[in-house]
Amino acid sequence: MAVEAEKTKYRSYLSEEEEVKNIHWRYGPPNYDLVDKLFEEGRTKIWPAGSLEDKVQRLVKTWEMEVFHKANPAEYKTIDTKNYTISVNGRKPLTIEEKGKLGGGYNVLLQTALPEEFRAYDPAKETMESALKVFRTTFPRGFALEILHVYSGPPVIVYKFRHWGFMEGPFKGNPPTGEMVEFFGMAIFELNENSKVVKVQFFYDPGQLLEGLLKGKPSDEYKIEAPSTCPFLLQQSNLDK
């Protein structure tokens, strides 16, 4: 796992020097101040620096930063883009190109076979920008990630994770509750001989996330209109991603 260069506190390849290089950021270099504070206040594990768990956590956070914020896959440093695939809950593995056609990010992670009328979140109706707008509005302080357990190290990394945040904004017409929303899952990251990610598999129950966002009575008052194009808002990464 050679994701060591140009470190920031929890991610690699995001130093001030890296930010001023000719990187094609989607909305400018992401700002992780809020979600890192949420992570530090709410994590249940503090891994020793340099431990396997610490290295895996840094790899995952760096991977998420790149796939959510770098517009040009050729600039990914954690991924072997020619051979990379990602799958969720046993679905068909997607290449970089196929992921992009789905809108990437949340739209890939929240794929569903439910009939349209039963979808609390419908990836088919969202773009990358609209999806980010939805969840940044719902979790204004961020949606943090921690690694709970690492079952095996590279080249095949198997780990358990936790995501959490506070619903302090509306979600798809549902009012904010102020309550913590969290979910747990498993993931497998396969690395090649150059420590680049070639295969990602996630296994989790999306309902565990969505049920926490649907507690209030829906109202037009809380519906979000067109996606924000404000560069500052789009730079605020609400993901520990």
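1. A salt bridge here is a side-chain nitrogen of Lys or Arg within 4 Å of a carboxyl oxygen of Asp or Glu. Glu98 and Lys92 make one, at 3.0 Å from N to O. Lys92 comes out as exposed at 53% relative accessibility, and Glu98 as partly exposed at 29%. (Buried means under 20% relative accessible area, exposed over 50%, partly exposed in between, using a 1.4 Å probe and protein chains only.)

2. A word on the ground rules: this is a predicted model, where local features need pLDDT of at least 70 and side-chain atom pairs count only at pLDDT 80 or more, while totals for chains, interfaces and linings use all residues. Residues are numbered from 1 along each chain as its sequence is written, and side-chain values use heavy atoms, with hydrogens and water left out.

3. Back to the charges: the structure has 12 salt bridges. One of them joins Lys9 to Glu40, with the closest N and O atoms 2.6 Å apart. That pair links distant parts of the chain, since Lys9 is in the segment before H1 and Glu40 in helix H2 (residues 33-42), 31 residues apart. Helices (H or I, at least four residues) and strands (E, at least two) are DSSP runs numbered from the N terminus. Lys9 is exposed at 57%, and Glu40 is partly exposed at 33%.

4. Glu179 and Lys215 also meet in a salt bridge, at 2.8 Å from N to O. Here too distant parts of the chain are linked: Glu179 is in the loop between E3 and E4, Lys215 in the loop between helix H7 (206-210) and helix H8 (231-235), 36 residues apart. Lys215 is exposed at 55%, Glu179 partly exposed at 38%. Elsewhere, Glu146, Arg162 and Glu182 are linked in a salt-bridge network.

5. Now the rings. There are 16 aromatic pairs, counted when ring centres of Phe, Tyr and Trp (its six-membered ring) lie within 6.5 Å; planes under 30 degrees apart are stacked, over 60 edge-to-face, and the rest tilted. Trp63 and Phe189 have centres 5.2 Å apart and planes at 75°, so they are edge-to-face. Trp63 belongs to helix H3 (residues 52-69) and Phe189 to strand E4 (residues 180-191), 126 residues apart. Both are buried.

6. Phe189 has another partner in Phe202: centres 6.3 Å apart and planes at 85°, so that pair is edge-to-face. Phe202 sits in strand E5 (residues 197-204) and Phe189 in E4, so the contact ties together parts 13 residues apart in sequence. Phe202 is buried, as is Phe189. Ring pairs join Trp63, Phe189 and Phe202 into a cluster that also includes Phe139, Phe143, Tyr159, Phe161, Phe183 and Tyr204.

7. Have a look at Lys61. Its charged end sits over the ring of Phe39, 4.0 Å from the centre, and also over that of Tyr10, 5.8 Å from the centre. The criterion is NZ of Lys or CZ of Arg within 6 Å of the ring centre and within 35 degrees of the ring normal.

8. Some backbone spots to check. Most residues other than glycine have a negative phi, and most peptide bonds are trans. Tyr13, in the segment before helix H1 (16-19), has a positive phi of about 60° and is buried at 8%. Lys172, in the loop between E3 and E4, has a positive phi of about 50°. The Pro154 to Pro155 bond is cis, with omega near 15°, and Pro155 is in the loop between strand E2 (143-152) and strand E3 (156-166).
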